[in-house]
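Here are my notes for you, as numbered points. Keep the viewer open while you read them.

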Amino acid sequence: MWRSYLETGAKVFGWDKRHATGDAQSGPIKTGMGCSVHQWGGGGRGSRAHVDIMSDGSVVVKVGTQDLGTGIRTIVTMVAAETLGLPVSAVKAEIGDTNYPFSGGSGGSTTTAGVTPAIRWTSGKALDALAAKVGPALGVDPETLVATNGRVHVKGTPAKGLAWKDACKLIGTEPISVDGEWGDGLSSTGTSGVQFSEVDVDIETGIVKVKRILTVQDCGLVVDKLLAESQIYGGIIGSLNFAMFEDRILDRNTGQMVNPNMEMYLLAGMSDIPKIDIMLMNQPERGVIGIGEPPTVSTASAIATAVRNATGATIRSLPLHPHRVLQAIEQEKAGGTL
Amino acid sequence: VKAFAYVNPTSEKDAVAALKIDGVAMPIGGGQDILARMKDYITQPDRIVNIKNALDTTIVAMPGGGLKIGAAVKIVDLMAHAQVRRLYPAITEAAGLIGTPQIRNQGTVGGNVSQDARCWYYRAGWPCYRAGGNICYADTPDGRNREHAILHAQRCVAVNPSDTAPALIALDARFVLQTAKGERVISAEDYFVGPDIDITRLNILRPGDLLSSIRIPPMWAGARFYFEKIRDRAVWDFPLLNVASAMTLSGDRIERIRIAVNAVAARPLRLAAVERAVTGKANSAATGEMAGNLAVQGAVPLQFNSYKIPLMRNLVKRAVAGEQEATWTSYSGQ
């Protein structure tokens with residue numbers, strides 16, 4: 001996908017305005033653009049889930065995954081709600097407990113692709129069980145029933161059906177309680193993206209300011225745009241820290257870390273964060289994949305190549321602290337860094 | 001933290017008296033430095049003397065011109081003071097670049113100029129020269145010393161981290177001290193000491209002494225100022241290097257100039273040789289170049305801080321040539 005993403009991104013970013021390596025403008029502030037591409041596996045499998053539908057219409061989804069702040073609780077709720085034709089507020093997701101059905105670890109950008117198919121399948125099975133109760137009451141084949149907009153009705157004929165609450169009254173005292181698991185066909189692996197960055201560099205002090213970053217990124221089916229973009233912002237900021245600030249400095253004589261605190265181990269503050277633009281490529285035909293880590297891959301190299309484009313100096317280690325950038329610029333002036 | 005007594009005097013005299021004990025007594029202003037040192041076991045005072053009710057918290061005009069800034073004035077109030085901004089904007093700028101809004105709300109002027117070294121070995125409690133030991137860990141062949149001294153190092157290579165100090169030196173400020181023997185007024189330069197004088201302190205205060213106020217003379221009011229601080233991040237960092245200058249011009253010639261840098265040595269350095277060399281010269285890029293080259297003569301880098309030489313050269317150049325500080329025109333964050 002890189003070829004088309006590069007073309008799309010370059011156009012939006014204004015890549016044609018990029019100058020040759022070494023900004024020829026006078027004054028100490030030099031501007032440069034850089035670009036980098038990446039891919040990541042993602043995917044995931046093996047999660048199980050449990051769905052309860054009560055006679056009062058309430059829905060509870062249980063799954064043993066955990067939300068590290070990435071929004072999987074929201075995603076679980078959304079997928080179940082969409083499958084059952086309900087608003088998100090009508091579904092309660094219960095997660096983060098080892099007593100709940102097994103789910104994988106939250107790593108490798110595998111959570112969404114590992115969890116959501118199980119939610120989809122299990123919610124579908126629960127709906128089938130509800131349809132089996134509603135069909136006879138309506139005098140129709142349960143196979144013809146669907147759930148949309150808070151109603152369980154004959155497909156294509158919303159009027160011929162029951163409101164969700166009324167449908168659930170047919171459940172009786174024993175709730176619909178269904179177990180299910182991840183199944184093939186709703187997810188896949190393999191994401192790709194490209195990133196562009198523009199920086200200002202003060203060649204007299206070595207200070208680098210990242211002005212803007214544009215990314216073109218896919219992650220298969222976008223389950224929720226807000227959360228997917230939020231993951232991309234987080235990934236880019238994480239990688240910007242890798243590029244610009246984070247450094248574990250060890251004393252060579254003793255092996256002890258000399259900056260083991262938040263004063264000396266640097267992380268970006270608000271004013272260090274550039275404008276970040278995201279072009280999220282939706283590929284529903286590929287199923288769910290995952291988006292946590294992919295955007296962290298290429299930000300650092302997009303920034304470092306932009307610094308090279310601005311200054312003409314090649315910097316071969318991160319982070320781009322002023323001392324490192326200034327030293328590289330001075331070496332370049334003195335005859336190059338090889 | 002070791003248990004300590006807390007004393008809250010309400011006059012300068014009582015504060016000085018309260019510091020005189022058999023044991024370690026330390027004054028506390030905003031507490032931004034000393035509390036961290038206590039939590040890290042670098043300093044373990046027996047008595048803490050709150051000086052915020054004892055020392056001057058006002059900024060007032062002096063009879064013959066100039067301003068008197070109380071040592072207990074908060075950084076945020078210094079930043080916001082209209083007369084300071086009008087007469088000595090270099091102070092306003094230096095104050096505004098300190099730490100974070102939280103630190104500026106809490107910290108005081110006296111505390112900012114009197115703060116201890118940030119050397120990461122010293123601050124982590126390594127038993128170095130400054131801590132009373134007999135080695136400098138940062139100055140070993142493999143020591144990590146990117147933030148350390150390039151000038152006047154002697155055994156210890158830690159630097160003074162204050163942002164306001166170079167601005168006050170450039171303005172030829174006077175520091176008023178309260179001691180057991182009475183009041184003493186010294187020049188800003190003389191307030192700070194290097195390891196050759198005392199390796200365990202960054203300033204002249206002996207136990208029991210207090211800095212009570214700072215007087216800014218009228219001489220440099222409304223002069224042309226330059227202040228720039230270089231740090232890793234846009235906020236919340238101590239300087240890798242900072243520079244302050246005050247200058248008056250006669251035509252395009254430099255009539256008078258004072259210039260100081262910090263974070264290159266254990267004390268903020270006034271660059272008297274540079275001042276002499278550029279006085280009477282045209283206020284031009286060439287003079288700036290000359291000043292920069294002269295400023296770094298004799299600088300001795302350690303393994304990881306040789307960048308401070310071009311950095312100091314370039315900052316002094318900017319401070320003398322009167323070039324506008326690099327403008328980040330297209331930076332979206334500002």
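1. Let's start with a cysteine pair in chain B. The sulfur of B:Cys136 has its closest cysteine sulfur in B:Cys156, at 5.7 Å, which is too far for a bond. For a disulfide, two cysteine sulfur atoms have to be within 2.5 Å. Over all chains, the structure holds zero disulfides.

2. Is B:Cys136 buried or exposed? With a relative accessible area of 11%, B:Cys136 is buried. Here is the scale: buried is under 20% relative accessible area, exposed is over 50%, and partly exposed is in between (1.4 Å probe, protein chains only). Over in chain A, A:Cys168 is also buried, because its relative accessibility is 0%.

3. A word on what you're looking at. This is a predicted model, in which local features need pLDDT of at least 70 and side-chain atom pairs count only at pLDDT 80 or more, while totals for chains, interfaces and linings use all residues. Residues are numbered from 1 along each chain as its sequence is written, chains are lettered from A and ligands numbered from 1 in the order in which they are written, and side-chain values use heavy atoms, with hydrogens and water left out.

4. Now the make-up of the chains. Chain A has seven helices and 11 strands, and chain B has 13 helices and 12 strands.

5. Chain A comes out at 26 Å, whereas a compact globule of 338 residues would be near 20 Å. (The radius is taken over C-alpha atoms, and the rule is 2.2 Å times the number of residues to the power 0.38.) Along the principal axes, the C-alpha atoms fill a box of roughly 90 × 50 × 30 Å in chain A and roughly 60 × 55 × 45 Å in chain B.

6. What share of each chain is buried? In chain A, 51% of the 338 residues are buried; in chain B, 57% of the 334 residues are.

7. Contacts (heavy atoms within 4.5 Å) are worth a look too. Take those between residues at least 6 apart in sequence: in chain A, 75% of them join residues at least 24 apart, and in chain B the share is 64%.

8. Most residues other than glycine have a negative phi, and most peptide bonds are trans. A:Ser109, not a glycine, has a positive phi of about 55°; find A:Ser109 in the loop between β4 (91-94) and α3 (111-138) of chain A. At 9% relative accessibility, A:Ser109 is buried. B:Trp236 also has a positive phi, near 50°, and sits in the loop between β9 (224-230) and β10 (241-250) of chain B. B:Trp236 counts as partly exposed because its relative accessibility is 35%.

9. Which peptide bond is cis, with omega near -5°? The bond from A:Leu318 to A:Pro319. Look for A:Pro319 in the loop between α6 (299-311) and α7 (322-333) of chain A.

Key: Helix = DSSP H or I, 4+ residues; strand = E, 2+ residues; numbered from the N terminus.
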